[in-house]
Amino acid sequence: MNSTTQALLKSFFGNLFLSIVKIIIGFTGKSSALIADGVHSFSDLATDAVALFGNYYSNKPADDEHPFGHGRFEYLTCLIIGIIVLFLGYQIIVSALNISYIVPSKLVIIVSLFTIIFKYFLAAYLIQIGKRTNNQILISSGRESNMDVVSSLFVLLSGILMQFSKEYSILKYSNLIATLIVGVLIIKTGFDILKDNFSAILGENEPEENINRMKTIIKKEEKIIDIDSFVALRNGPYLQITGEVSMEKSLTLQEVHDKLEKIEEELKKADNRIRYINIHVNPVKTSKKREKKQKQTI
């Protein structure tokens, strides 16, 4: 079991526990804001289930119909997560309009405080693993968990304010306001997830600093005169490299093959996300190209 799957399973069971606790305490403690927050946690649970499936499918090896693997399924999974989150946010806002004035139990405050601490560490863990493995599913799940921290803060605040609503009547609206804010925050999270992954599903290049690092590895090979083009396309959990290099036309086919094979090995060693490499060689005379490279080196 890889680190991504382990992280998603931990998130799944964590959100299962939280959603049950929040919804039960929300009903018994008479807090619509905590119930809404419990639904938010349940959305995390649902998206974790989708994410587990998406992570498994995106890592499936290439086949005849998908010669470059199934990596982009990762982005499709994130789009599904975004849509689910949007729908849940909308439902919470609609339900908030029917909220009646009831002072919630003090237990609501305790559960909200526990949720904030738990989800803060869970979100940090998911995002850390997601960035380390360059996995958008984990990052999206972590960002949604971060939003759960923010929404729980509003639930905590509303629970405290509602305790003083008999003395200050205006505070009786704090539960309604908190529920509406939670709904808006959930919708914002959904839009952010959709925005980020719409671009990725069309095909995104790696950041410039990573591309320069890869180019440096290629330029270390003395037979490479110049790099004519280079693209490192993200395909979910892995990268697909396409490029053109200039090499001396007097080299034999065997020499060119050996040099390219060495470059591929070095690139994959430097970044284990690189799975597919296709480098085309342009044969040139040494003279001007060699002079250009030497000047750049100096």
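Which residue forms a salt bridge with Glu-209? I looked this up in a predicted model. The partner is Arg-213, and the closest N and O atoms of the pair are 3.9 Å apart. I counted the pair because the cut-off is 4 Å between a side-chain nitrogen of Lys or Arg and a carboxyl oxygen of Asp or Glu. Both Glu-209 and Arg-213 sit in helix H7, residues 208-219. Four residues separate them, about one turn of the helix. The count by this rule comes to four salt bridges.

Next I went to the sheet. I found three strands in an open sheet, ordered S1-S2-S3, with mixed pairing. Strand S1 (224-235) and strand S3 (274-284) are at the edges with a single partner strand each, so one side of each has no neighbour in the sheet. On average, neighbouring strands here are turned by 15° against each other, direction ignored.

I then checked how S2 and S3 pair. Strand S2 covers residues 238-248, and its pairing with S3 is parallel, over 10 bridges.

Last, I looked at surface charge. Glu-255, Asp-258, Glu-261 and Glu-265 form a negative surface patch. I placed Glu-265 in helix H8, which spans residues 253-270.

Technical notes: Residues numbered from 1 in each chain as written. Predicted model: local features only at pLDDT ≥ 70, side-chain atom pairs only at ≥ 80, totals over all residues. Heavy atoms only, no water. Patch = residues over 30% accessible without salt bridge, like charges linked within 9 Å, V, L, I, M, F, W, Y side chains within 5 Å. Areas by Shrake-Rupley, 256 points an atom, 1.4 Å probe, with all protein chains shown as cover. Lys, Arg positive; Asp, Glu negative; His and termini not counted. Charge placed at Lys NZ, Arg CZ, Asp CG, Glu CD. Helix = DSSP H or I, 4+ residues; strand = E, 2+ residues; numbered from the N terminus. Pairing = 2+ DSSP bridges. Axes fitted to C-alpha atoms, helices over the stretch in contact; angles between N-to-C directions.
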